[in-house]
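Please look through the sequence and the 3D structure below.

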Amino acid sequence: MATGRTHRPATRSRGIPEATVARLPLYLRALTALSERSVPTVSSEELAAAAGVNSAKLRKDFSYLGSYGTRGVGYDVEYLVYQISRELGLTQDWPVVIVGIGNLGAALANYGGFASRGFRVAALIDADPAMAGKPVAGIPVQHTDELEKIIEDNGVSIGVIATPAGAAQQVCDRLVAAGVTSILNFAPTVLSVPDGVDVRKVDLSIELQILAFHEQRKAGEEAEAAGPDGSGPVAAARQESAEQGPDGDVPAVMPA
């Protein structure tokens, strides 16, 4: 079975833009849902809506894969699933190690979507000696002293860091020195890595802060529309609607 150490996706060598690469998992998720419902073909408009992008962008993205669909028929769902999976490197086995088995690390270990998407959790690693040997998601936790040997024995090239921020850089350095070339970082800190190592950062607090910004902006727009005394255009429209009858006519007798 192929491992992540010796086989890497061909997206960069084929000149596929990073923005397109970032959207391919969205298309794959939508296509997988269609496949599970035994839908044979899908139009670009339907697939774009399911993936949350516009159809012109989708067609442009698929052109990089050499897939153009059939006019009047659309795209073959099963073929696109295979094509995108192959481009993302998901038609082979990718052993992954998760370092830091606290609440978040344990939740990641229990996530059932890894195996179905081409990823195998090869090992769970934690610095707490009390965790050693404890099974999480059916996998015994191993101590960080074994990190380098685990990576070598399993041919690991992808590491997941779910440690506290203070330990993340040291763990990152050890992963890279042991041969890991791709890191998914859940620790709330920015990692420094050498050229040739890819890092993807997942920070839930940042995502929540962005949502808070949008909520604050929406609240401000509503307040501005209402006006300082509640007599803005939105309020006026509501008042006008309230004064109309059920058919949109102004009642003959206005309320006192």
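A residue is called buried when its relative accessible area is under 20%, exposed when it is over 50%, and partly exposed in between, with a 1.4 Å probe and protein chains only. The model is a predicted one, in which local features need pLDDT of at least 70 and side-chain atom pairs count only at pLDDT 80 or more, while totals for chains, interfaces and linings use all residues. Residues are numbered from 1 along each chain as its sequence is written, and side-chain values use heavy atoms, leaving out hydrogens and water.

Helices and strands are DSSP runs numbered from the N terminus (helices H or I, at least four residues; strands E, at least two). Helix α2 spans residues 44–51, and its buried residues are Ser44, Leu47, Ala48 and Ala51. These residues lie on the same side of α2 because they cover an arc of only 100 degrees around the axis, the arc being that of the directions from the helix axis to the C-beta atoms. An α-helix has 3.6 residues a turn, so residues three or four places apart point the same way. On the other side of α2, Glu46, Ala49 and Ala50 are exposed. The cover over the buried residues of α2 includes α1 (18–36), β1 (41–42), α3 (55–64), β2 (75–76) and α4 (77–87). Just after α2 comes Gly52, with a positive phi of about 80 degrees.

Next come the aromatic rings. Rings of Phe, Tyr and Trp (its six-membered ring) pair if their centres lie within 6.5 Å; planes under 30 degrees apart count as stacked, over 60 as edge-to-face and the rest as tilted. By this rule there are 3 aromatic pairs. Tyr27 and Phe62 are edge-to-face, because their ring centres are 5.0 Å apart and their planes stand at 75 degrees. This pair links distant parts of the chain, with Tyr27 in helix α1 and Phe62 in helix α3, 35 residues apart. Phe62 is buried, with a relative accessible area of 0%. Phe62 also forms an edge-to-face pair with Tyr75, at 5.1 Å centre to centre and 85 degrees between the planes. Tyr27, Phe62 and Tyr75 form one aromatic cluster.

A nonpolar core is a set of buried Ala, Val, Leu, Ile, Met, Phe, Trp, Tyr and Cys residues joined through side-chain atoms within 4.5 Å. The largest has 23 residues, and those with the most contacts inside it include Tyr27, Leu47 and Phe62. Its largest share, 7 residues, comes from α1. Apart from this core lies another, of 20 residues, among them Ile125 and Ala178.

Conventions:
Contact means heavy atoms within 4.5 Å.
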